[in-house]
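Work through the exercises below with the sequence and the model in view. Each task is followed by a solution in steps.

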Amino acid sequence: MSLVNPYSSQSLPQQASALSNTGTVSKNTVQSNTTSTTTGNPFLDGIRLPDAPETPAAKDQMLKQEDFFALLSQQLSMQDPFKPVDNDQMIAQMASFSTVDGISNLNKEILNLNGVMSSSQALQASSLVGRKVLIPSDTGSISPASPELKGVVSTPAAIDKISIRIEDESGQLIKTFDIDGSAGGNVDVTWDGLDKNGKPVVEGAYVIKASGKVDGQSQDLPVSTYAHVTSVSLGTAATGAILNLRGIGGIKLTDVLAVSES
């Protein structure tokens, strides 16, 4: 006679169901572990690399009007009731803060005004492009577009004869000639761009030097030269508009002495 377990047919499905549920739980557990930041194992969690810390956002360190009133409210709440803050002191503190805040706003408005003035000055200076301006420099440029060099010699008094000396950038003598300085004051000088042999010089920068006798003694005289304006730069609030000169470089608009027709 064989023994038959009456519960075997019922327990097997339950066991299979339990195994199935166990497999489902394990699978869900693995899936949840893969998406979480920890593994559940203290040893593995202890050796895993730490996450990169987030960089906190930069905070404005300047005190504003809201911060002042917050501090003032805190001060009033913590004051001695037997020695309260005098109304005059409170009004003085508020007036001081209002003054500082007004000065700060005024500085911002001045900076904006400087920017507008710089742009307006550059726009006005753009009308000088293509013209020649007199600059306080004895160095001028010779080029195919400007084959001659013009300048102004400033004299303290009338001089019968002014000696002009033309040199290149290295200081080598190119040509000498005399001009009449009997009128005194600012005397115009023009060099035709030819050397002492009557040949045109090469393109480049050249220096005009002048000398004459003042009160019986020979002395050097200041010389200013004309330069061709090729473009205008905005510059900064401190420098203003910058004129870019052909063969010379940049010069501030405020340093220009005169403007020539051609």
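**Exercise 1.** Which residue of strand 7 does S163 stand opposite?

*Solution.* This is a predicted model, in which local features need pLDDT of at least 70 and side-chain atom pairs count only at pLDDT 80 or more, while totals for chains, interfaces and linings use all residues. Residues are numbered from 1 along each chain as its sequence is written, and side-chain values use heavy atoms, with hydrogens and water left out.

Step 1: find strand 4 at residues 159-168, which pairs with strand 7 in the antiparallel sense over six bridges. Strands are DSSP runs of E of at least two residues, and helices are runs of H or I of at least four, both numbered from the N terminus. Two strands pair if DSSP finds at least two bridges between them.

Step 2: read across from S163; the residue opposite in strand 7 is S211.

**Exercise 2.** Find the other pairings of strand 7 with strand 2 and with strand 8.

*Solution.* Step 1: strand 2 (residues 139-142) pairs antiparallel with strand 7 (residues 204-214) over four bridges. Here G140 has Y206 as its bridge partner.

Step 1: strand 8, residues 217-221, runs antiparallel to strand 7 and is joined to strand 7 by five bridges. G212 stands opposite Q219.

Step 2: look at the turn. Two residues lie between strand 7 and strand 8, which form a hairpin, and D215 in this turn has a positive phi of about 55 degrees.

**Exercise 3.** Why is the pair of W191 and Y206 edge-to-face?

*Solution.* Step 1: the structure holds one aromatic pair. Rings of Phe, Tyr and Trp (its six-membered ring) pair if their centres lie within 6.5 Å; planes under 30 degrees apart count as stacked, over 60 as edge-to-face and the rest as tilted.

Step 1: the ring centres of W191 and Y206 are 5.4 Å apart and the planes stand at 65 degrees, so the pair is edge-to-face.

Step 2: W191 belongs to strand 6 (residues 185-191) and Y206 to strand 7, 15 residues apart.

**Exercise 4.** Are W191 and Y206 buried or exposed?

*Solution.* Step 1: buried means under 20% relative accessible area, exposed over 50%, and partly exposed in between (1.4 Å probe, protein chains only).

Step 1: W191 has 1% relative accessibility and therefore counts as buried. Y206 is buried as well, at 4%.
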